Amino acid sequence: MRHLVWFRADLRVADNPALYEATADGVKVSAIYIDCLKQWQQHGRSPIQRDFLSRHLQALSTELAALGIPLTVLTIDDSSQTPELLVNWLADHPHDALYANREIGLDERRRDKAVQQRLKELLEIRVFNGDCVFKHGSLTTQSGDMYKVFTPFAKTWLAQLRATGYRLHPVPKAQGSAVTATSIELTGERVSSAAWPVGELAARDRLRLFCESGVYDYGDQRDYPAINGTSSLSPYLALGVISPSQCLAAIEQQLGHLPMSRGEQGFVWLNELIWREFYRHLLVAFPRLSMNRAFKPDTESLQWSQDKAGFEAWCSGHTGFPIVDAAMRCLNATGWMHNRLRMIVASFLTKDLHLSWRQGEDYFMSRLIDGELAANNGGWQWAAGTGADAAPYFRVFNPTTQGERFDAEGDFIRQWLPELVEVPTKRIHTPHDWLDNNQPGHDYPKPIVDHKRARLHAIAMFDALKDQSDNIKNNADVQTNKQSELWLAQLDQEPV
Ligand SMILES: Cc1cc2nc3c(=O)[nH]c(=O)nc-3n(C[C@H](O)[C@H](O)[C@H](O)COP(=O)(O)OP(=O)(O)OC[C@H]3O[C@@H](n4cnc5c(N)ncnc54)[C@H](O)[C@@H]3O)c2cc1C
């Protein structure tokens with residue numbers, strides 16, 4: 001008997017359901033990872049995340065080798081070749097069963113369906129839920145639909161946690177003596193991710209340290225980008241180097257219990273993990289989200305601007321709004337951006353520049369080390385007012401007052417905008433007059449938009465929609481619900 005574990009976005013040996021189940025009963029196990037550079041590029045994923053992935057595959061290979069499990073990395077030119085690749089590989093390396101944790105993007109689901117159809121005669125295929133505490137499709141309204149609003153989803157999620165708890169899968173026992181780890185270097189453009197330590201132990205250390213100290217002040221500090229007040233675990237969660245259940249276990253161990261309601265120590269952080277699950281469950285229930293489509297179908301007809309110069313100024317951090325520019329330059333330099341800043345720059349792109357959220361989503365994906373479809377799409381559509389439980393369309397962030405509120409001293413701004421280092425704190429969010437008077441010849445741009453007018457224009461765009469949208473919306477709701485039911489039914493039947 002020999003089992004094959006196909007690693008995907010679950011690059012860990014601890015709390016990995018597919019790996020754990022494959023090794024149960026002492027069956028011999030080997031592992032594969034299939035790399036398709038073309039699909040990586042088609043999904044617009046970043047060179048820094050590719051570097052992080054490559055380093056993590058190396059780390060995974062070492063961890064697995066210590067357990068006596070060899071990891072083989074297979075490469076293909078096109079994801080559609082996956083079934084054939086597996087058939088050929090299995091002909092030379094016979095196995096009795098294939099184990100994997102489910103991936104949720106539509107392309108990955110289609111690939112898995114094709115694999116299942118091609119391989120079902122050859123070996124048993126078993127699939128598990130490894131990316132969420134509760135399986136996609138398992139938390140629904142009374143009528144069996146996926147929630148479209150966060151709060152009732154979160155209530156049901158918490159009720160489920162109270163009822164069943166969460167499951168942690170131990171690291172499997174070593175199977176015989178250690179094997180030699182494969183040397184892994186992924187091809188394609190890479191940008192160094194060396195600032196982020198690699199491997200499961202590093203991720204778990206970060207989680208432990210955050211729970212020991214950061215979690216207590218998280219509610220008060222999480223909105224201030226100059227403070228290191230959040231966990232910085234997203235790059236690890238995105239590649240599955242740690243699991244959400246491990247996050248729950250760490251917080252429970254630290255506090256002695258799981259915070260289950262608002263006001264309890266640690267709950268604000270737990271709530272963010274529930275947002276992560278909300279977006280992942282949504283992505284599965286509404287395949288349109290994987291297809292570049294708005295969650296609210298009526299917003300498809302919004303007339304977004306085509307302003308190329310505005311987009312370039314936003315991308316490079318030259319809009320003349322210090323908090324926006326500092327955030328974008330931080331993203332460009334490090335591949336990471338604080339959540340408050342993601343909200344500010346996303347609101348600015350969509351509501352001040354009136355550019356499509358799709359452009360922002362793509363740009364983020366091409367730069368972020370933690371880029372992942374569900375949270376990125378969810379965050380962008382939330383900010384643009386096109387998504388599930390989105391910010392109300394008339395709520396438009398004022399980039400200047402956001403800066404004043406969340407970077408009051410201008411520490412973050414000065415860190416990323418060298419041209420503003422000398423500007424006194426009381427002028428740091430509107431530095432133009434001071435610069436003109438004190439540093440003539442400076443090259444910091446004037447604001448590229450008048451925020452007040454831009455805000456009114458954004459509201460007018462949505463107001464115009466309202467008049468035409470009631471019919472479209474009602475029909476579309478029926479459609480998406482039907483689609484969601486179909487999808488959930490299919491999900492239950494699909495082995496992979
Ligand atoms: C426009 C926009 C785009 C975003 N793109 C991504 C993305 O590509 N990948 C990504 O992981 N997150 C994304 N987020 C969510 C959030 O900004 C990051 O998860 C967070 O900043 C990561 O920092 P942290 O690990 O310190 O989070 P913490 O505050 O410590 O939170 C813990 C974990 O909870 C999850 N989480 C936190 N906030 C959110 C949220 N709003 N939505 C979903 N999950 C959340 C993340 O996995 C995070 O690591 C985006 C948000 C916005 C507004």
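Reader: How many salt bridges does a search of the whole structure find?
Author: The search finds 23 salt bridges. Keep in mind that this is a predicted model.

Reader: Take Asp-112. Which residue does Asp-112 form a salt bridge with?
Author: Asp-112 pairs with Arg-8. The closest N and O atoms are 2.6 Å apart.

Reader: Which parts does that pair tie together?
Author: Asp-112 lies in helix α5, residues 106-119.

Reader: New topic. How is the protein chain divided into domains?
Author: Domain 1 is 1-130. Domain 2 takes 132-168 + 198-285. Domain 3 runs 297-471.

Reader: How many residues does the contact between domain 2 and domain 3 take from each?
Author: Domain 2 gives 20 residues and domain 3 gives 21 residues. The C-alpha centres of these two domains lie 27 Å apart.

Reader: What area is buried between domain 2 and domain 3?
Author: About 1,700 Å². Carbon and sulfur atoms give 65% of that.

Reader: Which residues in domain 2 lose the most area to domain 3?
Author: Asp-223, Pro-225 and Tyr-279. Together they account for 35% of what the domain 2 side buries.

Reader: And polar links? How many salt bridges cross the interface of domain 2 and domain 3?
Author: Two salt bridges, by the rule used. There are also eight residue pairs in polar contact between domain 2 and domain 3, both residues at pLDDT 80 or more.

Reader: Which elements give two or more residues to the side of domain 2 that touches domain 3?
Author: α6 (150-164), α8 (234-239) and α10 (267-285). The largest share comes from α10, with six residues.

Reader: On to the ligand. How many residues surround the ligand?
Author: 26 residues. The closest are Tyr-218, Thr-230, Ser-231, Ser-232 and Asn-339.

Reader: How far is an oxygen atom of the ligand from an N or O atom in the side chain of Tyr-218?
Author: 2.5 Å.

Reader: What about backbone atoms? Where does Ser-234 come in?
Author: A backbone N or O atom of Ser-234 lies 2.9 Å from a ligand oxygen. For Glu-372, a backbone N or O atom lies 3.2 Å from an oxygen atom of the ligand.

Reader: Which residue does the side chain of Glu-372 meet in a salt bridge?
Author: Arg-280, at 3.1 Å, N to O.

Note on methods
Residues are numbered from 1 along each chain as its sequence is written. This is a predicted model: local features need pLDDT of at least 70, side-chain atom pairs count only at pLDDT 80 or more; totals for chains, interfaces and linings use all residues. Side-chain values use heavy atoms; hydrogens and water are left out. Domain bounds come from an automatic or database domain assignment. Contact means heavy atoms within 4.5 Å. Buried area is the accessible area (1.4 Å probe) that two parts lose on being put together, summed over both. A salt bridge is a side-chain nitrogen of Lys or Arg within 4 Å of a carboxyl oxygen of Asp or Glu. A polar contact is a pair of N or O atoms within 3.5 Å; within protein, one must be able to donate a hydrogen and the other to accept it, and residues adjacent in sequence count only if both atoms are side-chain atoms. Helices (H or I, at least four residues) and strands (E, at least two) are DSSP runs, numbered from the N terminus. A residue is near a molecule or strand if one of its heavy atoms lies within 4 Å of it.
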